[in-house]
Amino acid sequence: MAELYFKRPMPHGGRLVERVIKDKKAAKKIVDFCEKVGAVYDIKPTLHYKRGVPVRNVYREIMSVCYGFFSPVEGSMTSAELESVLTKRKLLNGWIFPYPILFDISKEDYEELKKKGIGSGDRLLLKLKGKPFAILDIEEIYEIDPAELADRTFGTPETNPEVVREKFDDKHPGWVIYRSHQPIILAGKYTIINEPIFKSPFDRFWVPPRKCREIFEEKGWRTAIAHQTRNVPHVGHEMLMKTAAYTGDVEPCHGILVNAIIGVKRRGDYPDEAILEAHDMVNKAGYISPERHMVTFTLWDMRYGNPLESLLHGIIRQNMGCTHHMFGRDHAAVGEYYDTYATQILWLKGIPSYGFDKPPTEIEGGLEIRPQNMKEFWYCPHCKEMAYSGCCNHIKEKQKLSGSLIRGLVAEGVQPPPIIMRPEVYKVIVKWWKKFGYPFVNEKYVEYKEKELEVDLPDLD
Amino acid sequence: MAYILEVFLDESRLSKIKGTPVEEKIDAVFGGQLKLVRVEVGEEIKDGILKAFETARIDSRGCITDTPVAFKRALFEEIAKQKSLGEEVVKAVLDKIDEIKAAAAKESEHLPPPDIDTSDIE
C-alpha cells in the first residue's frame, strides 16, 4: 500500500525560507547601528496612482517572504530577477514564481537616502508604525517604469491570447497595485528583526508554513487539500470544499486547509475579520468537522491575476504542506479580463505565452502540489440539493449561486436562506457589520485597515 | 437581449403586494426559501442603470446586480405603487435618479445592521 500513499511535498525551491531574528539583543544591536548611521526608512503604504487611497502595504510581502510563504523568494527582486519573472515567470535559480516582489520608494526618498550615503551594499532598517520591523540588505538599486511593470506583469490580449480577454486598466486592482509602485527599487534580502504581534482575530489564524507542516504531522494529515478564499463562505463554497476533498490517495484528503488572503481588497468584498471567522464557523457549527478543517491566512494585497494568482496560491500552499489545491471557475479573478477557466487551462495544459508550455507540475522548477480542478455548484430544485454541475443534468432548472446575489441580500438586510448561506455564517457577517457599520469593504474600512494593519509592533527594549 | 432585476421579498414587502397582480408573479427559489419578483428590462434601461451606478454589473445569470440598496428600495416601492413588473416601473425610478444617488452616497458610508443577537459569538 505504501507506494500508493502521497508524500507531503517539499517546500518550493527545496527548503523553507525563514528570515526572522528572534534574539532581541542581536536585533537591538542591528537597530542601534542603523540608527547611528541614519540608515532608517519608514514603510509607507502604496497609494492609488490617481485616487490616493491605500492599495498595498509592502509589510505584508515582507512577512510572507520572511516566514516562508513565498519560498524560495528571499527579498525584493534584483533587476535581472525581475526581468526573469516577467519573461519566464521563473526566478534566476530556475524555480517558478509568477509576480514581481519589490521594495519600491519614491525618488524624493531615494535622494534623502543618498544624502546619508546609503546605497548598494548597505543595510537599511525598515520601520513599521514608527517601530523597528525588518532590515533590507541592499544589493542593487534601479529604476522602473510602473506603467510598463503593470502591463508586463499581467500581459495583454495580444501577448497572451490564450487566456487574456481584455486589456488591463485601472478597474483591475492588481494592475493598479503595480501601476502605483514608486519608481526606485531597492533590491535585496529581507530579515524581520522584531516579530509583529497579531491582533484579534488574526492571531488565532496565523500559521506560518513550518508551523503548518508540524500541525499536519500532529493531526496525521498525510494528504491535505487547500482552499483559496477571499470571501465569506456560502454553501456553494462549502460544497466545493467537501467535494474536492474526496480526492486524495487511497482515501479522501485527510485535511482541508482554508487559506484566506488578507490585505487590501476591492470594494464590495467582505472585511478580512469576517472572512476568517466565517470560515472558522463552518467547522465550529459542525458543517465540516474541525478534525478535518483548519483556517489560516497569508498576508498579501491580492493581485486578482487568475492563472498567475493560482501559481502563487500553489506555491504558498505547497510551502504549507498541502498535497492538493482546489481550483474553481474564475479563480482569484475580477471582471472579464481573463477566460473563466484560465487557471484550469494553466494547470491542465499550460499557457505558453506566460512561459508554461506544459502544466506547472510538469516543468523543471515547477510545483509538486496537485491541482483539483472543479466546475461550479448550483441549486437544483429537481435534485433538491446543492448539485455539482458536472453531475446534475437538470440544466434548465438549475438556480445559480452568485456572490453578488448574496451580497444583494445582505445589503438589503434580508437573511440569505440556509440553503445558500448557513445562519451561523451570516451571524458572523452581522457581528463585523455592527463593528464597522457596513457589511462590506468600503473606503472607510480601507483607511481603517491601513491605519491599524493586522499587527502591532512590540518595543525592542 | 433582456436583462433582469431581481427584487427580494421579505414579510413586510409580501404584505404590500398582497392581492395585487404582482402577487401572482412571485417566484420562489432555492427550495422555496427565497421569494422574489423579476423585472425585465431592455438594453437602453440596462445601460442607464450601469451608467448611473458605478458598482452595478451584469452577473453570469444576466441579472443586473450590485445596485445600491436605495435603488432596490425605490424599485420595490414603485412596483407596489404601480402594481406592475413592467419596464415602466424602472423608468419611474430612473426619473428620481438624483434623489437615489444622494441616498446611495450615504449608504456607502453606513448601512444599519439587522437586529440579530450576536452576543454568543463576540
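Mentor: Helices here are DSSP runs of H or I with at least four residues, strands are runs of E with at least two, and both are numbered from the N terminus. The model is predicted, so local features need pLDDT of at least 70, side-chain atom pairs count only at pLDDT 80 or more, and totals for chains, interfaces and linings use all residues. Residues are numbered from 1 along each chain as its sequence is written, with chains lettered from A and ligands numbered from 1 in the order in which they are written.
Trainee: OK, what follows helix 7 of chain A?
Mentor: That's A:G220, and its phi is positive, near 75°.
Trainee: And which residues of helix 7 are buried?
Mentor: In helix 7 of chain A, residues 209-219, they're A:P209, A:C212, A:R213 and A:F216. Buried means 20 or more other C-beta atoms within 10 Å of the residue's own, exposed means 12 or fewer, and partly exposed is in between, with C-beta atoms placed from the backbone.
Trainee: What's on the face turned away from the buried side?
Mentor: Exposed residues A:E214, A:E217 and A:E218.
Trainee: New topic: how do helix 3 and helix 5 of chain B pack?
Mentor: Helix 3 (69-82) and helix 5 (97-107) of chain B pack at about 135°, with axes 8 Å apart. Helix 3 and helix 5 of chain B are therefore oblique to each other (under 35 degrees is roughly parallel, over 145 roughly antiparallel, 65 to 115 roughly perpendicular, the rest oblique).
Trainee: Which residues of helix 3 make the contact?
Mentor: B:V69, B:A70, B:F71 and B:A74; contact means C-beta atoms, placed from the backbone, within 7 Å.
Trainee: And how many residues does chain B put into the contact with chain A?
Mentor: Chain B gives 26 residues and chain A gives 32.

Definitions and conventions: Two residues are in contact if their C-beta atoms, placed from the backbone, lie within 7 Å. Axes are lines fitted to C-alpha atoms, for helices over the stretch in contact, and angles run from 0 to 180 degrees between N-to-C directions.
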